[in-house]
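Here is a short briefing for a reader meeting this structure for the first time.

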Amino acid sequence: TGCGGSPSTITVGTGTGTLTNTSYPAPYGNWYYGARHQILFLASELQALGFSGGQITSLAFKVQLISGNSLYPDFTIKLGCTNLTSLSTFESGLVTVFGPQNITISTGWNTHTFSNGFDWDGTSNIIVEICFYDPSGYTYNSSTYYTATSFPSVVWVNQDGNPGICTVNTSNGYSPNNTYRPNIQFNTCGG
């Protein structure tokens, strides 16, 4: 479908911190065979950046350094709306907007264009889920930039030998890293 408004890019997070190549959260984290993340963004944050609702057509994470593999098999992105203002467990009911497909990352912003745009109502908080599984094994996490939030904003699970990791609901994410939210860009249609 076409864009119903003026396209724009909303960048959430200006932090310059990065985690080690074995630490989480890591959108491109291959220290284990696979990883599932859910990341919370508040409507108030998006509104403060000038996004008041409309269609999200892609998102991007910014890589500082590639460690290990640059290929991520069966990379999947889901989005959903929520009233939650913090995350402590995985939430259900999210919609697949990207993948599963193999992706290759590079340093800088890595944009993932959705097969179906996600219509945001402008008032609900947004959960972004990313998941992948690499049957060939593990290497290291590629470092992405993050910004610390004042609330628990990330949950994740990482496991070896489990191709079904994208359905695992038990998080092994823990404080304080669950406030280290990866910087993100939302590309939108507005309107």
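Contact here means heavy atoms within 4.5 Å. By that rule, and not counting residues up to four places away in sequence, Thr9 touches Gln185, Phe186 and Asn187. The model is predicted: local features need pLDDT of at least 70, side-chain atom pairs count only at pLDDT 80 or more, and totals for chains, interfaces and linings use all residues. Residues are numbered from 1 along each chain as its sequence is written, and side-chain values use heavy atoms, with hydrogens and water left out.

**Thr9**
- Thr9 lies in strand β1, residues 8-12 (strands are DSSP runs of E, at least two residues, numbered from the N terminus).
- With a relative accessible area of 45%, Thr9 is partly exposed (buried is under 20%, exposed over 50%, partly exposed in between, with a 1.4 Å probe and protein chains only).
- Leu49 is 40 residues from Thr9 in sequence, and their C-alpha atoms are 9.9 Å apart.

**Nonpolar cores**
- A nonpolar core is a set of buried Ala, Val, Leu, Ile, Met, Phe, Trp, Tyr and Cys residues joined through side-chain atoms within 4.5 Å.
- The largest core has 34 residues, of which Ile56, Leu59, Phe75, Ile77, Leu79, Val128 and Phe186 touch the most other members.
- Beyond its neighbours within four places in sequence, Phe186 is in contact with residues including Ser8, Thr9, Phe41, Ile56, Leu59 and Val128.
- A second, separate core of 13 residues includes Phe90, Cys131, Val155 and Ile165.

**Cysteines**
- The structure holds 1 disulfide, a pair of cysteine sulfur atoms within 2.5 Å.
- This disulfide joins Cys131 to Cys166, with an S to S distance of 2.0 Å.
- Cys131 is in strand β8 (residues 125-133) and Cys166 is in the loop between β10 (154-159) and β11 (180-182), 35 residues apart.
- The torsion about the S-S bond of Cys131 and Cys166 is about -105°, so the disulfide is left-handed.
- Cys131 is buried at 2% relative accessibility, whereas Cys166 is partly exposed at 26%.
- Cys81 is in no disulfide, and the nearest cysteine sulfur, that of Cys189, is 16 Å away.

Key
Helix = DSSP H or I, 4+ residues; strand = E, 2+ residues; numbered from the N terminus.
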